[in-house]
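Here is a brief report on one protein chain. Look over the fold before reading on.

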Amino acid sequence: MKKQSLGATVADLRKEKGMTQLELAEQMGVTDKAVSKWERDLSLPDAASLPRLAEVLGISVDELMQGRAAACGKGGTRELVVLILRGVAMAMGIAVAVLSALDRIAVSSALLLLGIGLACLAITQFDREE
């Protein structure tokens with residue numbers, strides 16, 4: 001799983017909440033320029049303000065400090081699902097290859113397994129983040 005910087009995490013969570021940098025700054029008692037610097041990783045919030053920042057963003061301090069992968073469970077879950085689907089696709093391909101080599105699979109069954117594998121790969125393409 002790719003871990004985001006604190007700044008990227010703050011920016012993503014702020015945007016998810018529909019907040020502007022100015023709105024976050026007002027809730028934190030800092031300037032919008034300070035929030036901008038946090039989000040660009042040019043500076044860090046004061047350690048004493050981290051609990052308030054986490055509260056405003058709706059996560060725990062631990063999640064905030066660990067980055068986006070931990071802060072957004074669905075992000076980690078999405079990556080796990082993609083990994084599982086790719087594993088299933090690979091397993092289907094290997095199963096067909098091995099069973100074909102052993103002459104232990106009917107063509108219709110082989111096509112079904114390959115179809116399942118291709119469907120798994122297709123699903124992973126729907127929600128690509130680039």
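What share of the contacts in the protein chain with a separation of 6 or more comes from residues 24 or more positions apart? Such residues account for 59% of those contacts. The model is predicted.

The chain holds 8 helices and 0 strands. From the N terminus on, its elements run α-α-α-α-α-α-α-α. The chain has 130 residues, and 30% of them count as buried.

Helix α3 illustrates the buried side of the picture. Val-35, Ser-36, Trp-38 and Glu-39 are its buried residues. Seen down the axis of α3, they fall within an arc of 160 degrees, so they line one face of the helix.

| Helix | Residues |
|---|---|
| α3 | 32–39 |

Asp-41 follows α3. The phi of Asp-41 is positive, near 60 degrees.

Now turn to the surface. Met-90, Ile-94, Val-98 and Leu-102 form a nonpolar patch there. Together these residues have about 410 Å² of accessible area. One of them, Ile-94, sits in helix α7, which spans residues 73–101.

Definitions and conventions. Residues are numbered from 1 along each chain as its sequence is written. This is a predicted model: local features need pLDDT of at least 70, side-chain atom pairs count only at pLDDT 80 or more; totals for chains, interfaces and linings use all residues. Side-chain values use heavy atoms; hydrogens and water are left out. Patches are made of residues with over 30% relative accessible area and no salt bridge: like charges are joined within 9 Å, nonpolar side chains (Val, Leu, Ile, Met, Phe, Trp, Tyr) within 5 Å. Accessible areas come from the Shrake-Rupley method with a 1.4 Å probe; for residues, only the protein chains shown count as cover. A salt bridge is a side-chain nitrogen of Lys or Arg within 4 Å of a carboxyl oxygen of Asp or Glu. Helices (H or I, at least four residues) and strands (E, at least two) are DSSP runs, numbered from the N terminus. Buried means under 20% relative accessible area, exposed over 50%, partly exposed in between (1.4 Å probe, protein chains only). Contact means heavy atoms within 4.5 Å. The arc is that of the directions from the helix axis to the C-beta atoms.
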